[in-house]
Each structure stands twice: as C-alpha cells, then as structure tokens.
Amino acid sequence: MIKDVFTKENFDKLDSVIQEYKGKPGPLMPVLNEAQKIFGCVSIEVQKRISEELKIPLAEIYGVATFYSQFSLQPNGKYVIGVCLGTACYVKGAQDIINKVSKELNIEVGKTSEDGKFTLVATRCIGACGLAPVLTVNEDVYGKLTVNDIDEILSKYE
Ligand code: FES
C-alpha cells in the first residue's frame with residue numbers, strides 16, 4: 001500500500017508553515033509549495049487544513065492545486081514515469097508510448113498504482129526533443145522509443 005504520509009507530524013509541520021505565511025500577502029502559493037514538499041502531494045485533506053487556517057475557500061485552493069502541474073493531488077509512487085507529450089515527441093508517437101505504459105501497468109495517466117510503486121504522468125517538453133519520443137523514470141531518461149521498448153524498460157523497475 002502507499003505509505004501513509006498524512007501523519008500528525010506532517011500536519012504539525014504544515015501548521016507551522018501556515019503560521020509563517022498567515023497575514024502575509026499571497027500566502028497560498030508558498031503554503032501549497034511547502035505542503036507539496038511535506039506530503040509529496042496536496043490532497044483534499046491537506047487543502048482543507050489550508051483552507052480552514054488561511055480562511056481561503058476550498059474551491060479556490062482546489063482550482064490552484066489542479067491548475068499548476070507542480071502540484072499533485074495524491075502521493076506519487078516510488079517510480080514516477082513521465083511520458084513527454086510535447087510536440088516533437090507527440091509527432092513521433094508519444095501517445096502510443098503512453099497508452100502502452102498505461103496498459104502494461106494498468107494505471108491511468110495521472111494515477112498511481114495500487115501498490116504505490118508507479119505513477120504515470122504526461123509531461124511537457126523536457127528539452128530532449130532530439131531523442132523523441134522520450135520517457136523518464138525518476139531521473140532516468142529513455143529516448144528514441146518504440147512501443148516494443150517499453151516492456152524491457154519497465155522490467156528494470158519491477
Ligand atoms: S517534445 Fe518531448 S522532449 Fe521536447
């Protein structure tokens with residue numbers, strides 16, 4: 001199962017971050033950024049706490065948390081698989097790559113596997129267009145992929 005990050009200790013940390021920014025202008029982004037670091041995500045529970053403490057409507061916080069790609073709503077898996085859907089990768093078949101990974105791991109884009117091992121995300125251009133189509137697993141980069149390469153790559157992390 002996914003490791004429980006929603007501990008009292010982490011909520012205490014969040015509370016002290018909130019105290020630090022409370023009363024200052026524009027507290028929401030810095031608090032969300034810190035929350036993302038503390039919990040590895042800004043889940044609804046986390047957003048609720050921020051909403052109560054900063055007196056900002058939950059809907060507004062949810063809007064911000066879902067708009068910016070640096071925030072995720074659930075904890076990431078041990079391995080985050082990013083498939084670039086930037087233009088160069090897209091024209092070279094990135095959609096097929098992402099479909100294949102999704103099928104092999106049985107997870108939808110943006111979701112984490114039940115065992116907490118893999119998270120699959122679509123990314124914007126990561127600046128490696130010469131290697132299109134590109135897939136990353138945490139810090140590892142794989143390029144010039146075809147769907148036939150996917151099984152072998154995934155097997156390294158299983
Ligand atoms: S479009 Fe994928 S790396 Fe640039």
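Starting from the N terminus, the elements of this protein follow the order α-α-α-α-β-α-α-β-β-β-α. That makes 7 helices and 4 strands, and the model you are looking at is a predicted one.

**Overall layout**
- The domain assignment places domain 1 at residues 8-67 and domain 2 at residues 79-155.
- The C-alpha centres of domain 1 and domain 2 are 30 Å apart.
- Among contacts with a separation of 6 or more, 62% join residues 24 or more positions apart.

**The nonpolar cores**
- The largest nonpolar core has 23 residues, and within this core I81, V101, L135 and V137 touch the most other members.
- At least two residues of this core come from each of β1 (79-84), α6 (94-105), β2 (118-123), β3 (135-137) and α7 (150-155).
- The biggest share is from α6, which gives 5 residues.
- Beyond its neighbours within four places in sequence, I81 is in contact with V101, L105, F118, T119, L120, V121, L135, T136, V137 and L154.
- A second, separate core holds 21 residues, including L28, C41, L54 and F71.

**Surface and charge**
- Of the 158 residues in the protein, 39% are buried.
- The accessible surface is about 9100 Å², with 52% of that area belonging to carbon and sulfur atoms.
- There are 18 positive and 21 negative side chains, and the centres of these two sets lie 3 Å apart.

Technical notes:
Residues numbered from 1 in each chain as written. Predicted model: local features only at pLDDT ≥ 70, side-chain atom pairs only at ≥ 80, totals over all residues. Heavy atoms only, no water. Domains from an automatic or database assignment. Core = buried A, V, L, I, M, F, W, Y, C linked by side-chain atoms within 4.5 Å. Buried < 20%, exposed > 50% of the residue type's maximum accessible area, 1.4 Å probe, protein only. Contact = heavy atoms within 4.5 Å. Areas by Shrake-Rupley, 256 points an atom, 1.4 Å probe, with all protein chains shown as cover. Lys, Arg positive; Asp, Glu negative; His and termini not counted. Charge placed at Lys NZ, Arg CZ, Asp CG, Glu CD.
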